[in-house]
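Here is a walk through a two-chain complex. Keep the model open beside the text.

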Amino acid sequence: MIYLKALVLFLLTANICMADELLDQIHARLTKATITRGAFEQTKQLKVLRKPLISTGTFIYDKSRGIAWKTLSPVPSLLLISDTRLWTAQGEQPVPAAFGKVFQAMLGADLAQLAAAFDIAGAVRKVAWQVSLVPKDEMLKKVISRMQLSGDQELRMLEIFESNGNISTLHFQNIIHPDRLTAGEEADFAHLSP
Amino acid sequence: MRIYRPSLAALLWLLGLLTLGAAGSRALTTDWLETSFLALLPATERQPEIAQAVRRHNELINGKVICLTGADSAPQAIAHAGQLKERFEQSGLFRDIRLQVDQQAFAKRHQQLFAYRYQLLDLQTRRLLQDQPEALIGRNLERLYSPLGQLEAASLERDPLLLFSRYFNAQNPGRFTLEQGVVVVQDGDRFWALLIAGLADNKLHLDNLERLRELMDGAKGQIEAAGGELLATGMPLFTAEGSHSAQREIAIVSIGSTLGILLLLLTFRSARPLLLSCLGIAASTFAALVVSILVFGKIHILTLVFGASLIGVGIDYALHYFCNSFSSADWTPAKGLKYILLGITLDLATSLVSYASLGAPPFPLLREIAFFSVVGLVGAWATVVLLFPLLLTGFKPAHQPVMLRLTDYWQRHWPAWLLRNRIWLAPVAVAAVAGGLWQLTPRDDVRLLQSASAERLAADRKIRQLLPVKADSQFFLVSGKDLQEWHQNEQVLLAHLEILKQQGSMASYDGLSRDWPHPDMQRENYRLLKRTFHETGLLKRYMAELGFDERAIDEEQQRFEAAENSSISLIEWLEGADEARKMHWLGCDAERCVSTVSLDGIKDLAALAQLKDLRGVRWVDQATQLSSLFERYRASASILLIAAYGIVLIGLGFKFGWRNALTIIAVPVLATAVSLAMLGWFDQLFSLFNLFALLLVLGIGVDYGIFFFLAEDERSSTSLAVTLSAITTLLSFGLLAGSSTAIVHAFGFTVATGISTALLLAPLVGRHGAGTRIA
């Protein structure tokens, strides 16, 4: 009887499992779509500042092109990330390996590549899941100590814990999967084409 | 009267050789072989300071090897690169091998320059401060609110305006990602890890090059076996391939020569002519080598290839002598020498005139080849005239070789057949030659000198597409009488380059003054910040709005004030700079300071070349310069070739009369015409180097003409000499037509067609059809 109880308890509570299995299970829950559009709210808690930096805006993910990150307030700006490039109105920058990957992987429901760059631990429930990623790369570890992701059939929240104590939290809302990009979004992505 | 004593002459020859041997024992132990492609560059005329700067620049890039290892994933690519690094380390060939970005050096650099953040502003920030300082705040907010702003946020406390992260990022642009500290480039589904290595000895010794080539081949095999890919480029690899194929070509010549030797054996049924021929060639090549090294210090591997070819004329002297022994029953070496002396001396004179003319232009390779060949030919002539009479004592072949009967039959009937059919042969030949000449197009691209494989070139192209590799041979030199003037001049150039970059003339440019402002400018930068952010209270407002507390704002203002009089000198700045940046600085001497400005992704050469008129700016374009130099020298060498023909004609005219001279010289003239026409028909490379082959055709063709003209009633032995000479030449140098190096192939092709034609035409000279006594 005790044995049965224990078994039930085990099945009901979060089942902790191996990284690959974990990712498979999350993958099974995520909506697979080529395009994902939504709104975000980002809160950055910087140690040197008394108040958090809060920004809101929209994002769009297109499997073949990358991510367009459009901040609307307080300062409107556009950020484009593809596999190999990162574009802002201020110029091109190197793609930060970890960040680009996490975004691409979560928004595109392509989790396999996460296991290569991060140590993964987490829990999966019936619908909801959460996972924590610790960079394997020593250089990256010096900047980002841990990332925490959670969601259901979509990615809902992403927290970035920086090594120096700064914390960024991103909430994603109103997620939809349209069939095609709007003309405006097409024009945005055009910055990435060589 | 016997002035000529064979033993005395031979003694003289021996003394000469011993002298050379003594000199050579010292000369040949030095490092005498030059394999670097860059050594072919002429000392830039009348611009020694440019030449010196170019030499420094070349020395700096000479030993670099750039490798990319590719795989389907970044860790796999990095693993391949790690294996490659191990191989490189074990080889002992390299001085520094860089895979991981040196994070300590990077951090140290960051720390060193961070102290000067108020003085070191990048161009964009400077412009922004000058035009609309408020906009800087907007840009900062954009960075801080970006989901990627972790690094900026980290330095916010000590650099609230983000000045330094701007400056530092501007210095390290590009689309590189670091993984495990390794630069990884992604291209579609493929990941590439970067490894850069510098040779321990960038003088590029031959045996080191061979080891490098084997090392690279082995590494490529290993990585490919593991499912990866290896791309590699760099001057040492090109040079290694070049010298490898040059060695292969020397091997081709020796195989051909061996076949020629067999033919000689069969013909004379005696080892003596064979040994003497070898002795003659060995002695003359040795003499040429030793004297050239004594004169030039170092000779280029291409000099060896072409010079040894041109000395090939020398074997004709020996063959002519040997074949003459078939001419009469009472032949003695002394008689033979008397008979051939005029012919071979005339020939030596014509060859000397034509080769010496090559030495006129100030092009190091041409001068070396000319000198090498002249010394070699004099050696060959001296060996035949001084040594052979003694060593041929008692030489008298008793048999009548099959070869002699064949060539005799041929020399009797072939001219007759030609003359019988001249009604249709002549127009056909004229049409064919005219058609070929019409299609002849010169190609002078210096890159044809490189015998790089298609694979190497493809790897080089791919690497340049993935990485912003700077153009090795195209850059600007900027100078000024002191540091300040140099800085001003370079700044003006960089401003022009920025405009051209926006117009798409090139992908990017790099110069020291872009990242290191002169101390005057550093003070100006500081004052600019003071005026725009501190005196207006803008800094206070910005920091307060962002959420800094009072204390943080005060501290920042104190830090700013404390830094008022600091500045960083170029020497200090360069000390911690990466190697690529250090390479830009060529230093100051009493008269001037000089730097280079590098470019990559060049699209519009003409627009860049126009900037050479700016003050203190020189445009250096080694490839184009050298190509145009090749073009000019091809033109002048063509004129020299024609002049050589003129001189030979005049000489022959005085000796034999104009009519006869024209007949003799018709042989090489027609051979040259046919050779050029064939180059045209087969769309072969036509450049400076074909002219060497045509000189050989002139030398040998005149030989054949003179030999037949002087043959009188000894035409059968002459025809044997000429045929043997042609066959040995074709076997050795004609075989070069099979070479994969464009210029060597062109050389071989030209020799093959020219010599064949000369052989076919020569029997028309002299009293053809005349009776011959065969002993």
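Start with chain A. It has 194 residues, and buried ones make up 32% of them. Take the contacts in chain A between residues at least 6 apart in sequence. Of these, 44% join residues at least 24 apart. The mean pLDDT of chain A is 80, and 80% of its residues score at least 70. Residues 1-17 of chain A are another matter, with pLDDT below 50. Beyond near neighbours in sequence, that stretch has five contacts in the model. Where pLDDT is low, the predicted coordinates should not be read in detail.

Two backbone details in chain A deserve a look. One is the peptide bond between A:Ser73 and A:Pro74. This bond is cis, with omega at about 5°. A:Pro74 sits in the loop between β4 and β5 of chain A. The other detail is A:Asn174, in strand β12 of chain A. Its phi is positive, about 50°, although A:Asn174 is not a glycine. Is A:Asn174 buried or exposed? A:Asn174 counts as exposed because it has 9 C-beta neighbours inside 10 Å, and the cut-off for exposed is 12 or fewer.

Now bring in chain B. How many residues of each chain take part in the contact between A and B? On chain A there are 36, in contact with 34 residues of chain B. Several elements of chain A each supply at least two residues to this side, among them β2 (35-45), β3 (53-62), β4 (66-73) and β5 (77-81). By class, the side of chain A that touches chain B has 18 nonpolar, ten polar and eight charged residues. For the complex, the predictor gives an ipTM of 0.84 and a pTM of 0.71.

Chain B has a mean pLDDT of 84, and 94% of its residues reach 70 or more. Where in chain B is confidence lowest, and where highest? The lowest mean, 71, belongs to helix α2 (residues 48-62) of chain B, and the highest, 94, to helix α21 (residues 519-534) of chain B. Residues 771-775 of chain B have pLDDT below 50. Beyond near neighbours in sequence, this stretch has twelve contacts in the model.

Next, helix α10 (residues 235-268) of chain B, which holds B:Ser254. B:Ser254 counts as exposed because it has 12 C-beta neighbours inside 10 Å. B:Ser254 and B:Ser732 are 478 residues apart along the chain, yet their C-alpha atoms are separated by 6.9 Å. α10(B) also packs with helix α11 (residues 271-296) of chain B, at an angle of about 145° and with the axes 8 Å apart. From α10(B), the contact uses B:Ile261, B:Leu264, B:Leu265 and B:Phe268. From α11(B) come B:Pro273, B:Leu274 and B:Ser277. Six of these contact residues are nonpolar, one is polar and none is charged.

End at B:Asp683, in the loop between α28 (658-681) and α29 (688-709) of chain B. Its phi is positive, near 50°, in a residue other than glycine. B:Asp683 is exposed because it has 10 other C-beta atoms within 10 Å.

Definitions and conventions
Residues are numbered from 1 along each chain as its sequence is written. Chains are lettered from A and ligands numbered from 1 in the order in which they are written. This is a predicted model: local features need pLDDT of at least 70, side-chain atom pairs count only at pLDDT 80 or more; totals for chains, interfaces and linings use all residues. Two residues are in contact if their C-beta atoms, placed from the backbone, lie within 7 Å. Helices (H or I, at least four residues) and strands (E, at least two) are DSSP runs, numbered from the N terminus. Ala, Val, Leu, Ile, Met, Phe, Trp, Tyr, Cys and Pro count as nonpolar, Asp, Glu, Lys and Arg as charged, and the others, Gly among them, as polar. A residue is buried if 20 or more other C-beta atoms lie within 10 Å of its own, exposed if 12 or fewer, and partly exposed in between; C-beta atoms are placed from the backbone. Axes are lines fitted to C-alpha atoms, for helices over the stretch in contact, and angles run from 0 to 180 degrees between N-to-C directions. pLDDT is the predictor's confidence in each residue, from 0 to 100.
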